[in-house]
Amino acid sequence: MSGFLERISSGALLISDGATGTYLQQNGLEPGGCPEAFNSDHPEVIREMAAAYFAAGSDMVETNSFGGSRYMLAKYGHGDRVEELNRLAGELARAAAPDGCFVLGSIGPTGEILAEKGGAADDGEMYGVFQEQARGLAAGGVDAVCIETMSDVTGEMSLAIRAVKETTGLPVVATLCFDRGPRGLFTMMGDTPQSASAALTEMGADVVGSNCGIAIGDMIEVIVAMRQATDRPILTHINAGIPRIEAGEIVYPDSPEFMADQMERVIEAGANLVGGCCGTGPEHVRAFVSRLRGGAA
Amino acid sequence: MSEKGGKVPEFIRTTMAELADIPNEFIRNELDEFVERDDERAELIELYSQSAPHLLEIGAAIISGRNEDSDRLTVEALQRGTGALEVMDDGLIAGMALVGIKFRENFIFVPEVLACARAMKAGMVHIEPILSASGIEPLAKVIMGTVKGDLHDIGKNLCIMMLRGAGFEVIDLGVDISADEFIDAVEQHNATLVGMSALLTTTMPNMGRTIDAFIDADVRDDVKIMVGGAPVTPEFADEMGADAYGDNAVECVEVAKRLVGVSR
């Protein structure tokens, strides 16, 4: 069941999964619906999603718990179901996982800004919110926790890393979301990939990295910069490009083949675990596996 | 909106004040260091060089995010007889103008902007009652909200702060706002501008549906509609019939001014 960090330190390249939200939208999630409610209302969809990624060749999948914090679930009236929905998220992915494959519990942003960063959220409260979610994921049997799409390194991310480690002792993957502005790549709070990578390492994240926000070309630049500041394994989950509208439909432009073509550069840049974010699906994973392992899964 | 690195119009060039004419060292330095576009430099030098020194102190407090100073200096300026409108325009709004540029250009980020916006608010609480008592109208009334199904409001809230910082009156409807709620708010507040945001690709189409609802309710011509949010593009804004798109909170203000016909 475990051995996640050992597998990485053995030098193995791990291939992760693709998007959760995109998959759920194609399988009945209404616009603005609560994705985590699917864990109890449509468990078969969540199990099938994990199974589809494993069948495509993923070595690991993430749980359907990105918005599983009390802050986010409360917006849908599910604030009192944090432990249940996170536990189910872990159990459903675990049930689909073949031996030797891993389940990472996903923790996304709370949507709140801490008081120390000019917002309203209390840091003690936010710490407790992450603890609660981490307990649920651990009860669901995850091998590690992936705290992702974060923008506030020294505040929200730091609290989440501490909460997960102190509550569960599980390995922590910590990935940030960068955006390209006029002066380069920054998080919303102003961290550069290099400064953030150093900070995450200092905080004790077992794996650092970046996900979402930018297309694969920019992500390669992020990985290069992060690699300069850390000796930790690097994970990246990359969007299928920047979405655009075609005939009223939202289209992610980067095909499985295009992304697979770039993946060797992502790995050369320093990534040890690669996968997809928004707009990617099992077909992307299949293309990554085929390109990086020279054959079908 | 002016192009990046745009030319200085001739009329500004000939009447252009010098950086040294700005009677506040901090603001002089900030402007010199952070405002790189020629047109914006000329515009801000013009603005600050004509402002009274005690009002530039307020601007400096806002740029540094010192809300207690902003609060105190605003009260002092009003006590010594400076008009509320002048304190707002040449002090508070003038300060936020530089903050907006620093934010757009990645010199400062969300935490710093929030601190500046808080300082702005600390001054505005003294200005607003005076303005409304004397019947002075805001630049325009703007209805803001995230569209139906979208619960993500950080970007929208930044836009609201910058809009207020520029002198707009903003009615914040919050998150998950239906087309009917937008339409009702426009009618109730007699607003001329609507700003909608979405973070999710899945809720983004609800912007188009909201605009369609304005058409169906026969009120589309009563308002200008601007849209924004991470996945939103100018092309998408066009396709769904919005009047304008803003890429960030600073552009949101530029767009809002353009839509209501204010030059600066």
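A: Helix α4 of chain B, spanning residues 53-63, is mostly covered, with nine of its 11 residues buried. The model is a predicted one, and the description below applies to it in that sense. The buried residues of α4(B) are B:Leu55, B:Leu56, B:Glu57, B:Ile58, B:Gly59, B:Ala60, B:Ala61, B:Ile62 and B:Ile63. Against what do these buried residues of α4(B) pack? Their partners are five helices of chain B: α2 (25-34), α3 (38-49), α5 (67-79), α6 (84-104) and α7 (110-133). B:Gly65 follows α4(B) and has a positive phi, near 70°.

Chain B also contains an open sheet of five strands, ordered β2-β1-β3-β4-β5, with parallel pairing. Its edges are formed by β2 (169-177) and β5 (244-245) of chain B, each of which pairs on one side only. Strand β4 (residues 224-228) of chain B is joined to β5(B) by two bridges, and the two strands run parallel. Within this pairing, B:Val227 has B:Tyr245 of β5(B) as its bridge partner.

Two helices that lie across strands of chain B may be described next. Helix α10 (residues 205-216) of chain B lies across β1 (141-147), β3 (193-197) and β4 of that chain, and runs at about 135° to β1(B). Helix α12 (residues 249-260) of chain B lies across β1, β3, β4 and β5, with an angle of about 165° to β4(B).

The account now turns to the partner chain. Contacts between the chains involve 20 residues of chain A and 23 residues of chain B. On the chain A side, the touching residues comprise nine nonpolar, seven polar and four charged ones.

Chain A has an open sheet of eight strands in the order β1-β12-β9-β8-β5-β4-β3-β2, again with parallel pairing. Strands β1 (14-15) and β2 of chain A stand at the edges with a single partner strand each, so one side of each has no neighbour in the sheet. Elsewhere in this sheet, strand β9 (residues 234-238) of chain A is connected by four bridges to strand β12 (residues 273-276) of chain A, and the two run parallel. A:Leu235 stands opposite A:Leu273 of β12(A). Helix α9 (residues 193-202) of chain A lies across β5 (172-176) and β8 (207-211) of chain A, and its direction makes an angle of about 145° with that of β8(A).

The loop between β3 and α7 of chain A contains A:Leu114. This residue is buried, because 22 other C-beta atoms lie within 10 Å, and the cut-off for a buried residue is 20 or more. Beyond its neighbours within four places in sequence, A:Leu114 is in contact with A:Gly119, A:Ala121, A:Asp123, A:Met126, A:Asp152, A:Gly155 and A:Glu156. A:Gly155 is 41 residues from A:Leu114 in sequence, with a C-alpha to C-alpha distance of 7.1 Å.

Two packed helices are described by the angle and the distance between their axes. The axes of α7(A) and helix α6 (residues 82-96) of chain A come within 7 Å and cross at roughly 40°, and the crossing is right-handed. From α6(A), A:Val82, A:Glu83, A:Asn86, A:Arg87, A:Ala89 and A:Gly90 meet A:Glu132, A:Gln133, A:Arg135, A:Gly136, A:Leu137 and A:Ala139 of α7(A). The residues of this contact divide into four nonpolar, four polar and four charged.

Terms used: Residues numbered from 1 in each chain as written. Chains lettered and ligands numbered in written order. Predicted model: local features only at pLDDT ≥ 70, side-chain atom pairs only at ≥ 80, totals over all residues. Pairing = 2+ DSSP bridges. Contact = placed C-beta atoms within 7 Å. Axes fitted to C-alpha atoms, helices over the stretch in contact; angles between N-to-C directions. Left-handed = near helix turned anticlockwise from the far one by under 90°. Nonpolar A, V, L, I, M, F, W, Y, C, P; charged D, E, K, R; others polar. Buried ≥ 20, exposed ≤ 12 C-beta atoms within 10 Å, placed from the backbone.
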